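Please open the model in your viewer and keep the sequence at hand, as the tour below moves from one selection to the next.

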Amino acid sequence: MSATSTAPASGSTALPTVRPSLKVPLSLGVLALIALVFFGLMGPDQTAEMKISDPGDAVEVPALLIPGQVGGVVLGILLLAMAAYSIYLWTRGERFPKWLPIAFAVLFVFALLVWIVAGARQPSISLAGLVAGSVTLAVPLVFGSLSGVLCERVGVVNIAIEGQLLGGAFTAALVATVTGSPYVGLIAAAAAGAAVSMVLAVFSIKYLVNQIIVGVVLNVLVSGLTGFLFGTVMVPDKEQFNTPGRLDILPIPLLSDIPIIGPILFEQSIAGYLMYIAVAVVWFGLFKTRWGLRVRAVGEHPQAADTLGINVNATRFWNVTLGGAIAGIGGAVFTLVTIDSFTKDISGGRGFIALAALIFGRWNPIGAFLASLLFGFAYNLQSILGIIGTPVPSQFMAMLPYLVTIFAVAGLVGRSRPPAASGIPYVKG
């Protein structure tokens, strides 16, 4: 028996190397030039004080003192060097390492922060407080984006995240007040979010109604219903129906004593710890288990999944329900952690921001988590800008995450593609 040779035949032409997209180095180059010119050459002369630890911490770290103009120039040059490295890799036809855009983004945000603080009337800011507030504000966004991940990975577009958050917030406040237990309110919030999701699932999966239309209608319905019940039930008797109390802060022994990051990450309520657990469990479940393989198969190619014996519509229904329960827990954060009562439309459009974080995170639980932290950072920075008296309008910081999301969707920071069957109903046969 003769052996079959796998070597290429003589005279055959090797496949050409596919050169990476030029959009990434061009984008990095433009942003680096903006940083060098505006944050550096045209930057303020004051020195920005960056407090790493707060007074009274067990370990006090000296504050960073960064001259506004000089620091901006140095950071701009570093950003240009990273952009030049990406161009060098492009000329060689090599892929860009994953750390490059992440490191560039962190350095750019830091340069922006130095520019803002150095130009303020009180050029001092607490980085520990900024990060801690960002994590707190990001918690409901993380739960909402995880809900979107679970739904879109299985092929259902979840526009109703806003309604799920709002329903969870209202139910948590009402049930926690009536029962006297915020923990019971947290469980009820998950049930309320799941109920909203079931309506989305029934109409979009069984009756094949357009998923986006159903989601928008649900948002309006929940907003109107909770607003009506708030005005007719909670307002007349707040003590009986709208004093839910707060979830206790539960420091983790030893971990909460870690300097700087310990109080930020490990002095959370049970909702904060559930956020960490949910991100890890959803990521592991989607990418490391048989269940996750089935879910992703349904979202990418439902016909092929059906031929393998997977019940496509049942998988979609239960995934959407699970996503709603997770979003409901996120809604409970508004009334059981952030403040201790419900107000009309308390979610304030956070569901749509969670949807943007989902897209920016490329339909990955960890990516959605990091994107939610970015939005939380922008929200917290808005309030701090008014305190330190910076001339930069707070609305400017509010729009930055959305600009980044547009760049991500446009592919300027890498390819961003939803599951192939997302938004497409499946009819067996």
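Begin by selecting helix α4 (residues 127–153) together with helix α13 (residues 312–338), which pack at an angle of about 175° with their axes 8 Å apart; helices here are DSSP runs of H or I with at least four residues, strands are runs of E with at least two, and both are numbered from the N terminus. Axes are lines fitted to C-alpha atoms, for helices over the stretch in contact, and angles run from 0 to 180 degrees between N-to-C directions. The two helices α4 and α13 are therefore roughly antiparallel to each other (angles over 145 degrees count as such). Next show the side chains at this contact (heavy atoms within 4.5 Å), among them Phe143 and Leu146 of α4 and Ile326 and Val333 of α13.

This is a predicted model, in which local features need pLDDT of at least 70 and side-chain atom pairs count only at pLDDT 80 or more, while totals for chains, interfaces and linings use all residues. Residues are numbered from 1 along each chain as its sequence is written, and side-chain values use heavy atoms, with hydrogens and water left out.

Now move to the open sheet, whose three strands follow the order β2-β1-β3 with mixed pairing (two strands pair if DSSP finds at least two bridges between them). Strands β2 (64–67) and β3 (124–126) stand at the edges with a single partner strand each, so one side of each lacks a neighbour in the sheet. Select β1 (residues 47–51), which runs antiparallel to β2 and is joined to β2 by four bridges; Ala48 has Ile66 of β2 as its bridge partner.

Key:
Angles under 35 degrees count as roughly parallel, over 145 as roughly antiparallel, 65 to 115 as roughly perpendicular and the rest as oblique.
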